[in-house]
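Good morning, and thank you for coming. I shall present one protein chain today, and I ask you to keep the structure in view as I speak.

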Amino acid sequence: MEPWPSRSLALLLLCAAGALLLLPAGDPGSWGRALPPLLLLLAGGAALLRLCARPLALRRAPERVGYLPEPGCSRHQAARRARRSRRAGELPPLYPNGWYRLLDSHGLPRGGVRSLAALGEQVAVFRALDGQVYVVDAYCPHLGANLAAGGRVMGNCIECPFHGWQFRGEDGKCTTIPYAEKVPDFAKIKTWPSCEINGIILVWYHCDGVDPEWAVPEQEEITSKEWVYRGHTEHFVNAHIQEIPENAADFAHLTFLHEPVFMSGVDLRYTHSKLWESVKHCWKAEWQPEPEPNKHCSQLVVKHSLTVFGKHFSLMDFTVRARQVGPGLVYLTFEHAFLGRGIILQSVTPVEPLLQQVIHRIYYQRNMPAVIPKFILKVECVQFERDIMIWNNKQYLSKPLLVKEDSAIQRHRRWFAQFYSENSTRFTFQKGGLDW
């Protein structure tokens, strides 16, 4: 059992003992009148403590964040109009080569099957009875039934719910056709390389079908349970995937977009209001790609401070190290003298052209109250949603107008180009993208 719930229980018992001491000692009859409010108070305190200890789960629908409201329109209508009218520009290939998150490990028990949309494909993810996870094309090559819509796990195979064909997860080979005398050698389904690490299931994508070229690094503190899960957020970004990691090299946007204190909200029309101008975030950042053999990684170091009425508030000084691993994974580690240590794992998975699912999962040292990492994640969520309003409405420029202070952006684009192949699919949208 974690120490935080134990401490919460001890605190409740201490409060109850203190409250009993406050009951009128000379009039036992008054205890009956005082006891119901006391029990109500204790029940409310217990519920509040459970709420504070429970992991944060914040999910935003695609139209919920990043669009300005329009008179007479619902959120969905306003988002759809903005999406259709936007000129997306001349885009890079839609799906860079690399590892991408599909789902959390706890969401797929033994014998479980999930149908998921990712990278413009529909895949079936299943966990064999021995615990191994496999990813295959969702549609049976026989007559196109969705293997995850009623399909069963049989050993290390998945069974089609339409005619009972069974496909081996390891290589996609069909092992059983119930009514056929012989299984043809060519009867198989496409398989996708996958791995399970840091509590998530990932799939490898390469437009040329090349096997994985690098491994996803393990975060030792998560594996050893030194850091525990404290919550996650989920967002959808209507932009090309490259726009999201490119922010790491855009230092000027930190000063302007993220300088207003988080209390000023996410609506960019009001973040620079005079109400909160006395409190400001200050950022100093440096981005560098890593050398071989980790050329698929880059490092961003951000030093944060807070000023109140122009005075430095040193309690909020901390450094964040963000390691980008491939196009779709980021490890944000941070350490504070009083607030402890932890990590936010960011995953960006293209669902379809110009729609990215972004998950932030926070793990924090076990001996710190859960309210601390939940607060950190909530603040990060506010800052990220400011970025979403930019991404959802901007145009991708293949040849942007840059000044010398923007040189890191050009270096980042050269680094990111390694995740594209000559055969990568390119699209040019004159207006908008796909409808939800």
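Which element supplies the largest share of the lining of the largest pocket? The answer is helix 7, with eight residues. Please bear in mind throughout that this is a predicted model.

Let us stay with that pocket. The volume of the largest pocket is about 1,100 Å³. Its lining is made up of 45 residues, and those closest to the centre are Trp283, Val320, Leu332, Glu380 and Gln383. By class, 28 of the lining residues are nonpolar, 13 are polar and four are charged.

I turn now to the second largest pocket, whose volume is about 500 Å³. Here 23 residues form the lining, and Asn247, Asp250, His253, Ile390 and Lys394 lie nearest the centre. Which helix gives the largest share of this lining? It is helix 6, with four residues. Helix 5 (243–246), helix 6 (251–257), helix 7 and helix 8 (407–416) each contribute at least two residues to the lining of this second pocket. The classes in this lining are 11 nonpolar, five polar and seven charged residues.

The largest nonpolar core has 31 residues, and within it Leu102, Val125 and Val237 touch the most other members. Several elements each supply at least two residues of this core, among them strand 3 (98–104), strand 5 (121–127) and helix 7 (371–391).

Which residues does Val125 contact, once its neighbours within four places in sequence are set aside? They include Leu102, Leu103 and Leu108, as well as Val133, Tyr134, Val135 and Ile201. Apart from this core lies another, of 22 residues, including Leu56, Val320, Leu377 and Phe419.

Finally, a word on confidence. The average pLDDT of the protein chain is 89, and 85% of the residues score at least 70. Residues 1–7, however, have a pLDDT below 50, and this stretch makes 12 contacts in the model beyond near neighbours in sequence. Residues 428–436 also stay under 50, and for them the model has 35 contacts beyond four places in sequence. Where pLDDT is low, predicted coordinates should not be read in detail.

How values were computed:
Residues numbered from 1 in each chain as written. Predicted model: local features only at pLDDT ≥ 70, side-chain atom pairs only at ≥ 80, totals over all residues. Heavy atoms only, no water. Core = buried A, V, L, I, M, F, W, Y, C linked by side-chain atoms within 4.5 Å. Buried < 20%, exposed > 50% of the residue type's maximum accessible area, 1.4 Å probe, protein only. Contact = heavy atoms within 4.5 Å. 1 Å grid on protein atoms, 1.4 Å probe; cavity = no way out; pocket = protein on both sides within 12 Å on 5 of 7 lines; lining within 4 Å. Points joined across faces, edges and corners; volume = space filled by probe spheres on them. Nonpolar A, V, L, I, M, F, W, Y, C, P; charged D, E, K, R; others polar. pLDDT = per-residue confidence, 0-100.
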